[in-house]
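Hi everyone, thanks for coming along. Have a look at the model on the screen, and I'll walk you through a few places in it.

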Amino acid sequence: MAEHPVQGLMGSTVEKIREMADANTIIGTPITLDGSTTIIPVSKVTMGFASGGSDVGAKSTKEMFGGGSGAGVSITPIAFLIVKDGTVRTVQLAEHVSPIDNAINALPELVDKLAALVKKDGADQEEKKETAQ
């Protein structure tokens, strides 16, 4: 069976959407500042898509087709990941954040504190072993 004109219309529209927004749009290209600091932009991508058409049977032997499609893409920067001296920090741009956003934002700092605590405990254990001998 021959391809319906709506299929071709939808296929070309979806292909154009793929060209507009890919994975590099969400997690942007890293920007290196002074050799030790890297900034990675993070964006939210929202897309909408519509396509439709109509076959109109003519009184003659000719078939007529009318159709259209459209798409919209919205790209909103929402945060930056800042990597400096082996630590990662999140800087959010949104004013209204949810408790989940706050938890995600605090996660890198929590990991750094836990790592420092584990390192300190390890050093304390070593010191106790040395003084016991």
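One term before we start: when I say contact, I mean heavy atoms within 4.5 Å. A word on the background too: this is a predicted model, where local features need pLDDT of at least 70 and side-chain atom pairs count only at pLDDT 80 or more, while totals for chains, interfaces and linings use all residues. Residues are numbered from 1 along each chain as its sequence is written, and side-chain values use heavy atoms, with hydrogens and water left out.

Which residues does serine 43 touch, leaving aside its neighbours within four places in sequence? They are Thr25, Ile26, Ile75, Thr76, Pro77 and Ile78. Serine 43 sits in strand S2, residues 37-57; helices here are DSSP runs of H or I with at least four residues, strands are runs of E with at least two, and both are numbered from the N terminus. Is serine 43 buried or exposed? It counts as buried, because its relative accessibility is 14%, and the bands are under 20% relative accessible area for buried, over 50% for exposed, and partly exposed in between, with a 1.4 Å probe and protein chains only.

Now let's step back to the whole chain. It has 3 helices and 4 strands, and from the N terminus on the order reads α-α-β-β-β-β-α. Of its 133 residues, 11% count as buried. The accessible surface comes to about 10300 Å², with 59% of that belonging to carbon and sulfur atoms; these areas come from the Shrake-Rupley method with a 1.4 Å probe, and for residues only the protein chains shown count as cover. If you take contacts between residues at least 6 apart in sequence, 50% join residues at least 24 apart.

You'll find isoleucine 27 in the loop between helix H2 (23-26) and strand S1 (31-32). Beyond its neighbours within four places in sequence, isoleucine 27 is in contact with Ile40, Pro41 and Val42. Isoleucine 27 counts as partly exposed, because its relative accessibility is 44%.

Over in helix H1, residues 5-20, we have glutamine 7. Glutamine 7 and glycine 53 are 46 residues apart in sequence, and 9.8 Å apart in space from C-alpha to C-alpha.

Next, the hairpin. Strand S3 (residues 63-84) and strand S4 (residues 87-92) pair in the antiparallel sense over 6 bridges; pairing asks for at least two bridges found by DSSP. Valine 83 stands opposite valine 88 in S4. The hairpin has 2 residues between the strands, and aspartate 85 is found in that loop. What is the phi of aspartate 85? It is positive, about 50°, although aspartate 85 is not a glycine. Aspartate 85 is exposed, because its relative accessible area is 61%.

Last stop, helix H3, residues 99-132, where leucine 107 lies.
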